[in-house]
Amino acid sequence: MVASPLAFTHTVTERFLRYVVIDTQSDPASATCPSTAKQKDLGALLARELREIGIVDAHLDAHGYVYATIPSNSEKKIPVICFCSHMDTSPDCSGAGVKPQIVRNYRGGDIVLPADRTQIIRVADHPALADQIGNDIVTTDGTTLLGADNKAGLAEIIDAAHFLVQNPQLKHGTIKILFTPDEEIGRGVDKVDLGKLSADFAYTIDGETAGHIEDETFSADGATITIEGVSTHPGFAKGKMEHAIKIAAAIIERLPKTTCSPETTEARQGFLHPIGISGELEQATLSLIVRDFTEAGLQEKEALLEQIIREVMKGFPRSSYRLEIKPQYRNMKEVIDRHPEIVDNAMEAIRRAGLEPVRSSIRGGTDGCRLSFMGLPCPNIFAGEHAFHSRLEWVSRQDMEKAVQTIVHLAMIWEERA
Ligand SMILES: [Zn+2]
């Protein structure tokens, strides 16, 4: 393992603390882009900071996206790499009036948050704390989320950009920076201008544990079952009525209980998961999501679902059903695997930052996943954020600094290997 020979600065935490106090919560009920105008407050600040460090084209566009370019300083022909993070925070937890605190030189043990002492980051629930002994951990006061998801990524990218601009002897190709709004409500790439960005490959800096790179997401389908029962007057129903709500309930009752559900699976296991039910006597609708890492796994689960429905319907011979499967998103691995250098270079960058790289998968979808299928292959690199979308959210200064180093090394490795 090559230890980092570069004289890195310690400015990423200062940047981070400037960003988290700006409320950027997104709103799924809003139809505008960005969904909340306040996200542009942070966007404008980020664009200004990028211009101040010498990135002249940095700007916030009308949709709330920030674009910037660090020009190449190498003679070589090098793929254009983009680093991407999102500016919004989750609608699940308040992001207004964030008051960060720093637990310096963490000695182990539970961290009680000062403004609400019922909020405790317990080692038992957050085993990653065990790797943070001696580090400086940033938390909230316990009344809001922190927003390390994904303001840690914003700070890390800008800090790395600053370092590259300050050290022109470090060779790199054209580096693009992209900050998106509304990732948390699944709209982070809705209005992205990939033509303007004109990058070959991208990395989101939005992962959890230091050293991790994620090049896989779930593949996802939605399933809708519409059941047509047989309605009669309840006083004269004997032998005639077939109740659509009861059919729907029977289908749910037969779903696997000890496997194949979110609450019984982890790692690379997928699931069938009911997310909605509505109906009356005559007609009921049942919606589920289907998740797996492979196409075969999805099909297997959908076949199981249909088999359950058929078995239930045997008891209701005059009723009928319609099962509709709609693709939602696909595992980005199939796109990323066509360019193995994307992950190889990132693994080497993580090593040069002094960490052991760990390749892992995401039990969900990401904007990187959508970007990958839009033609911009985009795995996810750690930002150091933990317990996101909650008041217990935390990130350490040391992990953010490792992410900065990873980004700088990654820019250099693409040049070196071109
Ligand atoms: Zn995020």
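Reply: Eight strands form an open sheet with mixed pairing, in the order β1-β2-β8-β3-β9-β16-β10-β15. Strands here are DSSP runs of E with at least two residues, helices are runs of H or I with at least four, and both are numbered from the N terminus; two strands pair if DSSP finds at least two bridges between them. At the edges stand β1 (59–60) and β15 (358–362), each with a single partner strand, so one side of each has no neighbour in the sheet.

A word on the source: this is a predicted model, where local features need pLDDT of at least 70 and side-chain atom pairs count only at pLDDT 80 or more, while totals for chains, interfaces and linings use all residues. Residues are numbered from 1 along each chain as its sequence is written, and side-chain values use heavy atoms, leaving out hydrogens and water.

Back inside the sheet, β3 (residues 81–86) and β8 (residues 175–180) pair in the parallel sense over six bridges.

How enclosed is α3 by the rest of the structure? Largely, because 16 of its 19 residues are buried, meaning under 20% relative accessible area with a 1.4 Å probe, protein chains only (exposed is over 50%, partly exposed in between). In α3, residues including A152, F163 and L164 are among those that meet a set in α10 with M400 and V404 among them.

Methods
Contact = heavy atoms within 4.5 Å.
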